[in-house]
Structures are given as C-alpha cells and as structure tokens.
Amino acid sequence: MRTVLMCRLTLLFCVVLLCSSSWAQRTNLRGKVTNDFTKEPIPFASVYWKKAGFGVNSDSSGHFVIRVSHNLIDTLVVSYVGFADVFKPFRNNAKDTAEIEMVMRDLKQGSAVEVKSKFSKGLRWWRNVVTHKKTNNPYKYTSYAYELYSKMELDMSNVNKRYFTDKKLLKPFAFLLDNIDSTSDHKPFLPMYMTEALSDYYYSVDPHRVREEIKAAKTDGMKNESVLQFIGGINQKVNVYENFTNALGKEFISPLSDFGDKYYNYKGADTQYIAGQRYLHLLFTPKREGENTFAGDCWIHGGNWGIYSINLNISQTADINYVNRLSIVQEFRMGADSAWMFSKDKTVIDFTPFGKEKLSFIARRTSTYKNVRVNDPSILQRLAMNAQKEEVVVADNARDKDKQFWEKERHEDLSVNEKKVYKMMDTIKTIPAFIKYTKILTFVFDGHKKFGKIEIGPWYKWISGNQLEKIRMRFDLGTTEEFSKNLRLHGYLAYGFKDARLKGRFDVTYKLPGDQGITLFASYTHDLDNGRTRYNDEDITTDNIFSQLIRRKGVPQKFLGVDELKFAVTKEWKNKFSVQPFFTRSVYETFQPLPAARTLFSRISQEHITNAEAGFKLRYAPGERTFSRHRKEIKLKSNMPVFEGRIAFGVQDLFKSDYSYTRLAASITHATRIPRWGKINYMLYGGGVMTPEPLPFMLLEIHPGNEVYYYNKQSFNLMNRFEYISDHYAGINIEHNIEKKLLNLLPFMRKSNMRQFWNVKAVWGDLSETNRKLNIQDYYYEYRQRSLRGGFYTEIGTGFENIFKLLRIDLVWRNAPLRNIPPGLNPNLFKSNTNDFGVFGSVRLQF
C-alpha cells in the first residue's frame, strides 16, 4: 500500500513539475519595438498590459521581456514620446508566446509632446549640452579617417494592391506583390532599389580636404563613375552639434544650437541606465509653425553631457516640398578616454510627389563607421594625394566583389526587405513591359528616343513657328553609347516654309579615353541664331513648339543668320581648372527689323560680315561635381565661387575675315547661404572689345534681353533682344531668396508654402564714338538699337516662388536713364518702347 502511495505521489510530482515547466515557458513574452519609418529599434519604450496593469521598458536595442498577463485576453500597449500608442490584442496561449515585433508608425498629432514635469529640467539639460559641445563634438579634431559602409534603399509606399491586379498596364508586375513588406500592412511598401558601398574616408579641417576611396560598390550594373561618387559618403555628413544642418538643400536649426531655446521647447522625461551609465531623456518640439526645425528626442550622458543618440523629425510645417516625413537618426559611442565619436547615421525621407496618402517613395540611407582614427599624420599624407579639395576615387575592381565578400565586410546584416530588393531588381529588368514603359517615359520627359546606336529628338523641336519662317520643321539625329562611349555625332536639318530655306547643323564631340579630361569638339552651323546667347551652345532656343505661346505682345522677333565653323579643345584637370582654346569663323546675315547688313560695312570693298576669331577660355570651379551623361554633362556647383575668363582675337584676312580686335571678358559666380536668412546668388562680370576700327553690333557685347513672359535669370527681362550694345561694360546680378523669414511674421502665412525673394540686375556700358556712328541709327518698324552712353541699366525685382510647390511669379521694374545725349537731339529718339514694369512667370521644381 505504501509502495502504491509513493508511486502515486511520484507521478503527481512529475505531472506538477511538467505543468509548471510548461507554464514557465509561457510566462514571459519576448519582443522588439521598432520605428516603422526608419526601421530602427526604439530604446526604452514603455510596454505594459492594459488590463493587468504592469509593464517594462524596452532596452537600448529595443528588445523587451514581459511577464504574460494573468488575464486570458488582454491588450499589450507600447508607448513612446512622440508616437501614437500601439495596441496589440493578445490571447494567453502557447501560440502567442513567440517573439513579436511592435511597430510604431504614427507620430502624435499636435505641436508639442506632453511630459509631466514640475520644473523645466529639460531647459537645464539643454544648457549643459551646449556648454559641453566643444568637448563632446566628434568633429572637434583637425583630421580623421575611418572605414565607411553606406547603403541606400528606395521603396514604393502606399501601394494599392488592386492596381497590380485590376490595371492592365500593371498586370505584368503583379509578381512584385510577393515582395511587399509583411510588417507594414498599415501602409504597405514595396522595396524597389538598393545600393551599397564600402570605402576608406579621410578628412581634414584646415586646410579643408576630403578624400574617399571606394573599394567596393554594389550598384546593380551602373558603370558610370560619376554615379558612384553619389553613392559614397562625401556629401552625407550631418553634425547635430553645429548650429545649423542642411537637409535637401534647406537650412534647419539644430536643437543643440547655441540659440536653440529661441526655436524649441525642451522637456526632460526620464533617466535610464545603459551598460551601467546614467542617461537622460530630453524631448524637443518647435516653438512656432512654419520654421525649419525638428521635433524629436535624444539621450544624454548624465556625466559628461555627450549625446548618445538623437532622433530628428522635421516639423510638419517646415519649408520643404514633396516631403511628408524626414527623419535623421544619429548614434555615438564613447571611447575609453570619455571622448565621443560618431557610430551610425541614418536618414529616411518620405517623398510624396502626388500628395499625402497617395503613392509615395521612401529613401533610406544608412552610414556606419569603423576603425576611426583622429589626428594621425598618415591621414594628411593620404589627403596630399588629392588634386582637388574633395575627391572620390573608385577602385577598378570595386564592382567585382562577390556575395561572400559582402557577407563578411558589410558592417551590418541586410534586413529581409533589403535582401528582397536585390532579388527583385534582377527580375524586373527582364520584363518586356518594364523595358517598354521605361522607353516611353524617357521619350516623353527627355525628348529623345533611342534605336540602338542612334537616337532621334527632341520631339518638342520637330515643329515650331516664327515671323520669318512661319512654320519651321526640324529633325535631329545623334549617336548613342552603343555607337561609342567616347564619340558622339549629332546633326539636324530644318526647313522654313515662308523663307523656303534649308538649314542645319552638324557637330562632333570626342572624349579621350581614361581620365585625361580632354574633349575635342567641332561643329558647322547654317541656321538662324534662334535666340541663343553668344558663347553658350546650351541655351534654350526659340525653335520649340511652345515658344510662340509665351511671347510678349508688340515685340517683333529678331534673327541673325549665322554660317559658323567652330573648333574647340577642352582640358580639365582634377582640381576643376580647365582651359579651352577655340577658333570660330562666322558669316552673319541680318533680317528685319535688325539693320541691313550693308549698312554695317566698315569698308567700301566689303560684301559680307565675315569674322575669324581665335582665343581661349579659362574656368576654375573648385568643389564642383560633374554628373556625366552621353549627351551632356550636368555640373553641380559647390558653395565656392566659380571663376571664368576669356580672351579672343579677331584676325583680319584670315579666311577672308574683315576685322581685327581683342576681346576680354571675366566673371565670378557664387551661391551661398546666409545663416537664418536664406540663400544668395550673385554674379559679377565685365569686359571690353578693343579695336582700331568700328565693328558691327554682332561682334560687340549684346546685352541679353528677354522677349517672352517666362522669366530668365540670366537676362534682363524688360530689355528687348539687341536693344543695348556696348564695347566695354561691367555688371552685377544678385538674388536673395529670403524663403519664409518675413512671411512667417504673419501668422496666417506660416502654413503657406510660398517663399519670397528680391533681386537686382544692373549693367554699366558705353560705346566708342566710331562704334556708335556705325551701329546707332534710327531704323524702321519701331525698332532702335541703343547705347547706355556711360549710364546704368537696372532691373529691380521681387516676388513669390513655390506657389503650389511649382510656380514662381516675378514683379520687375526697369530703370534705363538717358545720359550724355548730344546737345540739340530730341530725347524721344532715345526713348525705349519697352514697358517699365512687367510680370513674369516660371516653373521651379525644387525642395
């Protein structure tokens, strides 16, 4: 009996033990709290049961472990400052005890985060951070180097799944639905594009030098070296310790700036211990709407007041276009000497070109840093290899790294979504519909259509009109990269139905292989000048389908006939200094209402206006970056001035040239920011033509005029073309974009997108007596050419841009005083028929 009893007790003990063991497995719930927008973990979030009433905080990596609620059905709540609470219903059973992910998506509505506090400890914490900025700023060193890993992902957000099943055009892409992020059913997004780069980065403060050596790049087939420059980190530094930081070309005031209390409300939340160190949680929100500020939070070391991590979200009313959300996350680590160093940067931008809640694009860029060295002499030795202040060098085998290399060398593992991107990119490029749609969009927006080795277009120049030709037809033909990566041939034929003349152009551009920076160019043109300004072959000409729709009324269109042969060689060094020797031979023809060519002859034996000119152009654009395309190059200027100079000589009797002269010209252009007061652009220029004999007006300086209602930044918009000419001149163009600084003084304008600007354009000029006698005559058709006669022509303007995030309106006033009129002449002969006030419009696509 006792044996049976002992067996029963033993069995009961085993059952209880097994049950308690099984229950113990279900008493804890593990999970992770993440930010749905940045995909970063949220540290120290509050996690608690709604009914049971107890909870925990997530740790510094966002993970948490919480005891399961004693209620059969309960709701797990996650709360964090700045975010709307997240609720997850939970049933207490074994199935739900696996690790879960709590995703925080929506920001709290309202201008401030409510934190209960009896005193303004947040303001005191901020003051201590500012006091210790010089000590804790990781950019305090004179030089540093590190290994940089950067990755960039592009996702399509707010994807409507029905589009891929109901829309005929999108059905070929239905397979993309398999890649939609499973954790984001609230607003599903589709991973679209991914790049990675691993580089060695070097930097010095004085003198300012930056060198990035990209040793590995995963770019999915992109072969253009200039594209790789933008994948690296040379333009990606954000320093929250500075008073100002830039995002998408806009200036934002840092919450850690010396005068942050004028722009932010600060509130102290709570304290936490990380690895035995005490950290303070500081919250900040904008004081006013309409200013470029952030809302967010940061964790501050309780001992030395250094920043451990900071999260910045742009204000909902910040002055930035097409961006619904922008977040900057920065993490720092403290070394053994208590000095802080950057550890990780992440920027996430939600682009909304079609409006909120509609299809949008999310760009995520992450940079991590390893092996950081500071003030090491070897850094300066490496920077001494630079040919310019900022330089990117791409290793020849950078794109050849295999999967094993990346798995070993990348600083952090790819997420599930990032892995999907690579797989999807390999698939989508093989779909015929994708190839077809890409070509259609390229043709519509770029204007050109490729057929293997050749291309046609632009389509908007196929038909146009003007008073001389009435209807003008034009057809362009050029070669593509498939024909040659270094050689481009291009030409067009045009025909005017009224003047019954065939016109055209042929040009050749050849870039020597390698990085020699040498380009050869030759062209022959037999056509009208079509509004092109001399020396600039990239001007938008008037022979397009839209030009006649926006011409100012009452202003006759004026043309020169040009028969021109041109040769040029350009050599550009890596420091962005270039020299371009050139030669041109031109024969000019005039059409009414311009003066007849025969009235401009300077000698009796002359039959044509023929000119041969040789010279060279110098250009220095420090810090400029070039985005190379087969058809042309896009130059992205830095915040440093650009200098240009030009000297040319007219050679009489060379190829039947009729003229001898020396021409000089120089200019300085610069775009920079004024802290807290917007952006300013200016250009200073001047020049002259020295000659012993009179020259026809087309060989002098023709001050650029504008005869359409579309505002032209490089021209005088109330000046007619060919209205003023000079043989020596000097001028200035300056524009100050105040952005919303003044408009924000009006409370009802703070939520407006409009921005304000003012500008001044002025030129001084004169003509020698011999040039004045040859050119300044009273012509018919209410047209006159004029000299400034040693006076100033000035245009003052103001207006508003970013109207509906796209339009710009310029109000322009003109002042052209009459000076030095010879005695006895009627002043009305020198009076212009151009209005002294005008309103112009333009389109500016900008952030």
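Predicted model: local features only at pLDDT ≥ 70, side-chain atom pairs only at ≥ 80, totals over all residues.

Trainee: OK, the nonpolar core. Which residues touch the most other members of the largest one?

Mentor: I300 and I307 do, in a core of 69 residues. Strand β18, residues 340–351, gives the most to this core, with five residues.

Trainee: And what is I300 in contact with, leaving aside its neighbours within four places in sequence?

Mentor: Its contacts include W125, V129, L280, L282, W305 and I307. W125 and V129 are among the buried residues of helix α2, residues 121–131. The buried residues of α2 pack against α3 and also against strands β13, β14, β15 and β16.

Trainee: Switching to charges. How many salt bridges does a search of the whole structure find?

Mentor: It finds 42. One of them joins the side chains of R211 and E391, at 3.7 Å from N to O. R211 lies in strand β10 and E391 in strand β20, so the pair ties together parts that are 180 residues apart in sequence.

Trainee: Are those two buried or exposed?

Mentor: R211 counts as buried because its relative accessibility is 6%, and E391 counts as buried at 7%.

Trainee: What about R673, which residue does it form a salt bridge with?

Mentor: With E251, the closest N and O atoms being 4.0 Å apart. That pair links distant parts of the chain, since R673 is in strand β34 and E251 is in strand β12, 422 residues apart. R673 counts as partly exposed at 21% relative accessibility, whereas E251 is buried, with a relative accessible area of 9%.

Trainee: Last one: which residues are linked in a network of salt bridges?

Mentor: K461, E469, R472, R474, D476, D499, K503, D527 and D543. Within that group, the side chains of D543 and R472 meet at 3.4 Å, N to O. D543 sits in the loop between β27 and β28 and R472 in strand β24, so the pair ties together parts that are 71 residues apart in sequence. D543 counts as buried at 3% relative accessibility, and R472 is buried with a relative accessible area of 0%.

Notes: Residues numbered from 1 in each chain as written. Heavy atoms only, no water. Core = buried A, V, L, I, M, F, W, Y, C linked by side-chain atoms within 4.5 Å. Buried < 20%, exposed > 50% of the residue type's maximum accessible area, 1.4 Å probe, protein only. Helix = DSSP H or I, 4+ residues; strand = E, 2+ residues; numbered from the N terminus. Contact = heavy atoms within 4.5 Å.
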